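Reader: I would like to go through the terms used for this protein and see what stands behind each of them. Please set every value against its cut-off.

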Amino acid sequence: MRQKPLILVSACLCLLVTVSSCHRKSVPEKSTGGKTSGSTSSSSGKMTKQTGKASYYADKFDGRKTANGEIFSQKKLTAAHRTLPFGTMVTVKNLANGKSVTVRINDRGPFAGNRLIDLSRAAANAIDMVKQGVVSVEIAYRK
């Protein structure tokens, strides 16, 4: 008769381990590849800004799956960031010319050259950076 309580305890422990392993870690304030320049408050949350280098995806990635499972398209305003949650809307400002574009994070990276963000070609065109390839940017997003 002692087996029923033991089985119940074991099942509860398994459930607890499963539920606790699904906990999502919070996004760190600072990611590699860029400097966090501080936060400003607004009525809809904190605005966080980072500065660093931006590049854009090579054409060979068009049509491939991104880290969040969707198909990458050079024609969409999307980007890769190492730590920001998928779906985060990020405003990217080219510091050389002041042009900005808002993109949605749907992939992980960039993993080359200590860069902060990797943009789709459409986003790179919007801030006039295609000829340069890599530019200094400021990104801003709400936590």
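Reader: Why is Asp128 called partly exposed?

Author: Buried means under 20% relative accessible area, exposed means over 50%, and partly exposed is what lies in between, with a 1.4 Å probe and protein chains only. Asp128 has a relative accessible area of 44%, so it is partly exposed. The model is a predicted one, in which local features need pLDDT of at least 70 and side-chain atom pairs count only at pLDDT 80 or more, while totals for chains, interfaces and linings use all residues. Residues are numbered from 1 along each chain as its sequence is written, and side-chain values use heavy atoms, with hydrogens and water left out.

Reader: What makes the backbone of Asp128 worth a remark, and where does this residue lie?

Author: Most residues other than glycine have a negative phi, and most peptide bonds are trans. Asp128, although not a glycine, has a positive phi of about 55 degrees, and it lies in the loop between helix 2 and strand 7, where helices (H or I, at least four residues) and strands (E, at least two) are DSSP runs numbered from the N terminus. Asn114 also has a positive phi of about 55 degrees without being a glycine, and its place is the loop between strand 5 and strand 6. With a relative accessible area of 54%, Asn114 is therefore exposed.

Reader: How do you know whether Ser120 is buried or exposed?

Author: Its relative accessibility is 0%, so Ser120 counts as buried. Ser120 sits in the loop between strand 6 (117-119) and helix 2 (121-126). Leaving aside neighbours within four places in sequence, its contacts (heavy atoms within 4.5 Å) include Tyr56, Tyr57, Phe72 and Leu77. The side chain of Ser120 also reaches the backbone oxygen of Lys76 at 2.5 Å, and a polar contact is a pair of N or O atoms within 3.5 Å, of which, within protein, one must be able to donate a hydrogen and the other to accept it, residues adjacent in sequence counting only if both atoms are side-chain atoms.

Reader: Why are Tyr57 and Phe61 called an aromatic pair, and what is its geometry?

Author: Rings of Phe, Tyr and Trp (its six-membered ring) pair if their centres lie within 6.5 Å, and planes under 30 degrees apart count as stacked, over 60 as edge-to-face and the rest as tilted. By this rule there are two aromatic pairs. For Tyr57 and Phe61 the centres are 6.0 Å apart and the planes make 75 degrees, an edge-to-face pair. Tyr57, at 5% relative accessibility, is therefore buried, whereas Phe61, at 31%, is partly exposed. Together with Phe72, these two residues form one aromatic cluster.
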